[in-house]
Amino acid sequence: DANAEQASRMTDHRQIEKVTCLGCGCGCDDVTVTVSGDRIVAAAPLCPMGQVWLGDGRVPSAIISEGRPATLEAALSKAASELARAGSRSLIYLAPDLTTQAQRAALVIADLLRATVDSSTSETAANGLIAVQRRGRAGATLGELRNRGDAFLFWGVDPGVRYPRFLERYGIEPVGTHVPQGRRGRHVISVSVGSDKALDGADLSLEIEPEQEIPVLSLMRASVLGHRLPESSPVASRAAEISARLAQARYAVLVHDAEPTAEPRN
């Protein structure tokens, strides 16, 4: 009967292998998830950010209309009426963590209404897109970082906090096809920007204030282009040293955080 079937599901443990975690940008695809009674009861290997992202598999939901609980049918009917009256003056705003199917449905509605579409990540994404259009972009796959990177520069980001499994899977620890010595074959550089601390234990480190970030980057660019920098300060000297080390690398990797940070950054 139905009760017996439900009890069977509650005691049935299933393991799903090679699950991809999207808790951060590492895209770890080696996670094994244990499911019991349609709920996630265990997942490994997983960092704290992945634990939060996966949770127990439940998707919290509530239907609210004009500040009060409502049925799904009533809420959909009211939303449809409001959108039909608004017409092309509508703004379809996509929330974070929507499924692909939900985004498709929202875009279909926007097409029907000839509405404008925006999302909660557009401001962060727009800055990067404008920079790419104006200056270009250097990119790589995570596999390339692991197999080829022999110099890593962490700029204002500590991967141990923001991307907990980055160091063990892609960054400075793993043995790569072109870096057979692993960590010993890599030079690690750390630049902290104000309270945005970078990696501890680097081979070369620099601490600057947020207002120094653009000048230091300009000094590094000038050094790479072959201009002699005035030895006016320890910061300028260290910027030149960092540039020289990156220029000597066979495959240099620059890691920074595109998301908003603790410091107001340019």
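A disulfide is counted where two cysteine sulfur atoms lie within 2.5 Å. By this rule the model has zero disulfides. The model is predicted: local features need pLDDT of at least 70, side-chain atom pairs count only at pLDDT 80 or more, and totals for chains, interfaces and linings use all residues. Residues are numbered from 1 along each chain as its sequence is written, and side-chain values use heavy atoms, with hydrogens and water left out.

**Cysteines**

- The closest cysteine sulfur to that of C26 belongs to C24, and at 3.8 Å it is too far for a bond.
- C47 is in no disulfide either, as its nearest cysteine sulfur, that of C24, is 5.7 Å away.
- C26 is buried (under 20% relative accessible area, with a 1.4 Å probe and protein chains only), at a relative accessible area of 3%.
- C47 is also buried, at 11%.

**Second largest pocket**

- Two or more lining residues come from each of α3 (72-86), β6 (91-94) and α4 (100-113), helices (H or I, at least four residues) and strands (E, at least two) being DSSP runs numbered from the N terminus.
- α4 contributes the most to this lining, with six residues.
- The lining has 16 nonpolar residues, one polar and no charged.
- Nonpolar covers Ala, Val, Leu, Ile, Met, Phe, Trp, Tyr, Cys and Pro; charged covers Asp, Glu, Lys and Arg; the others, Gly among them, are polar.

Key: Buried < 20%, exposed > 50% of the residue type's maximum accessible area, 1.4 Å probe, protein only.
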